[in-house]
Amino acid sequence: MAKDYTKYAIEGVAENLGKSKLALAIIEDYVSKNKVDFAVLNAAFPDECQGGIHGVFRKKVDVKDPKRYYMDRPISLIDGTEIVVTNQWGIDNIPGLIDRANALGYVVNKVNQTQESSISYKDNKIATAFIDLFKNKNLNIDYLSEFIKPAEELLKMYNSEIPAEAQAIDDVFEEIMVYVAKEPLLLGGYAYIFTFVAQKFDHWLDFSEDLIKENAYQWNDMVGSGKNPVALVCEESSEDNFKSIFISRMMFTLITIITDTDEEELAELIVSCDMDKYTFSEDDECWICDLVIDMLDVFGFSLDDYEGECEIESRHFLDGDRTMGYDYIGLSQNFIGSFA
C-alpha cells in the first residue's frame with residue numbers, strides 16, 4: 001500500500017500540514033480560542049474521531065506509549081490538565097477528524113495529493129546525503145551504528161522548537177517514506193529506526209502502522225511452521241539484502257506479535273534468532289545476535305540493564321533449552337508491557 005502524502009490547509013490557521021500536524025494544529029487552535037476543560041474538549045473531539053485505541057488526545061500523565069503522542073507539545077486546559085495529541089493519523093482515520101473539525105467551524109482543504117515531497121533546506125548536504133541512502137537503496141550495512149550515526153548528525157542540526165526546522169525534518173522523513181513505500185522490506189526498518197533516533201532530539205514522526213502490519217510475520221504462522229524470522233527471511237532474500245530485510249521483518253514482527261505471545265515465548269523467539277537458521281554461509285561469529293541486540297537497543301531495551309542468567313525453554317523455535325547470561329525473559333516482559 002502506497003503511503004499518502006496529501007498536504008492540508010486550515011483556512012485562517014495554518015498551511016502545508018501533513019496528517020499528524022493537521023490534527024495537532026486543529027486541537028491547539030481550538031483550545032486557544034475556546035475555554036475548555038478536559039470533559040468539554042473530549043466531547044468536541046471524542047475518541048471515535050481517531051478511530052483507534054489512542055484517541056485524538058490523552059492526559060499527558062496517563063500516556064504509556066509516548067512515541068505515539070506529541071509529548072513535546074503539551075496543551076494546557078483551563079482545569080489545569082495537560083493533554084497531548086496523538087501522532088497516529090493516516091489516510092483511513094484522518095477524514096473523521098476533518099469532518100469533526102468542519103462541523104465545529106473549521107475549513108480544512110487538501111492542498112495536494114502528490115507522491116513526492118519537497119524538502120526544506122534543500123541546500124543542506126547532510127540532509128540530501130541522508131535521503132540518498134534511501135534513494136539509492138544503499139543501506140545493507142554491517143552495524144546499525146553505521147546508520148544511526150548519520151541520522152544523529154542530521155537530526156542534531158534542527159531544533160524541534162523552531163517550526164521551520166521541525167518542518168524540515170518532517171519533510172526529510174516524508175521524502176524518505178516515498179522510497180520506503182516502493183521498497184518497504186529493504187528500507188522500512190531503517191526508516192522506523194529513524195523515528196526512534198528522532199525522539200532523542202524531540203522530533204516525533206508518524207510511522208505508518210499499516211506498513212508495520214503488512215510487513216510483519218504473524219505469530220501463528222511462525223509457530224505453525226516452526227520457523228523464526230531468520231529462517232523466513234532466508235527464504236525470501238539473497239545474502240546481499242538479508243540484513244536490510246531482516247531488520248524490517250524483525251522490528252515489525254516484534255511490535256506486532258506482542259498481543260499474541262507471553263514473555264517466555266517472546267524471549268525464546270529473540271534468543272533463537274542466531275546463525276543456526278542462516279543458510280547463506282557458515283560463520284562462527286553470531287553477527288545476527290549482535291544485530292538483534294542493536295534492534296532491541298533502538299527500542300530502548302539494553303541488555304546491560306538485564307544482567308543475570310535466565311533459562312529459555314524450548315517451545316517453538318529452539319532445538320533445546322538454553323541458559324542465557326542475560327535475563328531475556330525480564331526484557332521481554334518489559335517489552336510487552338511497554339508496547340502492548
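**Cavity lining and salt bridges**

Helix 7 gives the most to the lining of the largest cavity, with four residues. Keep in mind that this is a predicted model.

Biologist: Which helices each supply at least two residues of the lining of the largest cavity?

Modeller: The lining includes Tyr192, Thr195, Phe196 and Gln199, and helix 7 spans 184-199. Glu209 and Ile212 also line the cavity, with helix 8 covering 209-214. The two that each supply at least two lining residues are helix 7 and helix 8.

Biologist: How much space lies in the largest cavity?

Modeller: There's one cavity of 30 Å³ or more in the structure. For the largest cavity, the space comes to about 110 Å³.

Biologist: By class, what does the lining of the largest cavity have?

Modeller: Lys67, Arg68 and Glu209 are in the lining, and Lys, Arg and Glu count as charged. Leu205, Phe207 and Ile212 are among the lining residues too, and those types count as nonpolar. The tally is five nonpolar, four polar and three charged residues.

Biologist: On to charge pairs. Which residue forms a salt bridge with Arg73?

Modeller: Arg73 sits in the loop between strand 3 (57-59) and strand 4 (75-76). The closest N and O atoms of the pair are 3.1 Å apart, and the cut-off is 4 Å. The partner, in helix 1 (residues 19-33) and 45 residues apart from Arg73, is Glu28.

Biologist: Is Glu28 buried or exposed, or partly exposed?

Modeller: Buried means under 20% relative accessible area and exposed means over 50%. Glu28 has 25%, so the class is the one in between. That makes Glu28 partly exposed.

Biologist: What is the N to O distance where the side chains of Arg58 and Asp47 meet?

Modeller: This pair links distant parts of the chain, with Arg58 in strand 3 and Asp47 in the loop between helix 2 (38-44) and strand 3. Arg58 is partly exposed at 24% relative accessibility, and Asp47 is partly exposed at 27%. Their side chains meet in a salt bridge, N to O, at 3.1 Å.

Biologist: Which residues do salt bridges that share partners join into one network?

Modeller: Start with Asp262 and Arg315, whose side chains meet in a salt bridge at 3.5 Å. Asp262 lies in the loop between helix 11 (242-256) and helix 12 (263-272), and Arg315 in the loop between strand 7 (307-312) and strand 8 (322-326). Shared partners join these into one network: Asp262, Glu264, Glu313 and Arg315.

Biologist: And how many salt bridges does the structure hold?

Modeller: Arg73 with Glu28 is one of them, and Arg58 with Asp47 is another. The structure holds 18.

Conventions
Residues are numbered from 1 along each chain as its sequence is written. This is a predicted model: local features need pLDDT of at least 70, side-chain atom pairs count only at pLDDT 80 or more; totals for chains, interfaces and linings use all residues. Side-chain values use heavy atoms; hydrogens and water are left out. Buried means under 20% relative accessible area, exposed over 50%, partly exposed in between (1.4 Å probe, protein chains only). On a 1 Å grid over the protein atoms alone, a cavity is a set of points where a 1.4 Å probe fits but cannot get out, and a pocket is an open set with protein on both sides within 12 Å along at least five of seven lines; lining residues have an atom within 4 Å of a point. Grid points are joined across faces, edges and corners, and a volume is the space filled by probe spheres set on the points.
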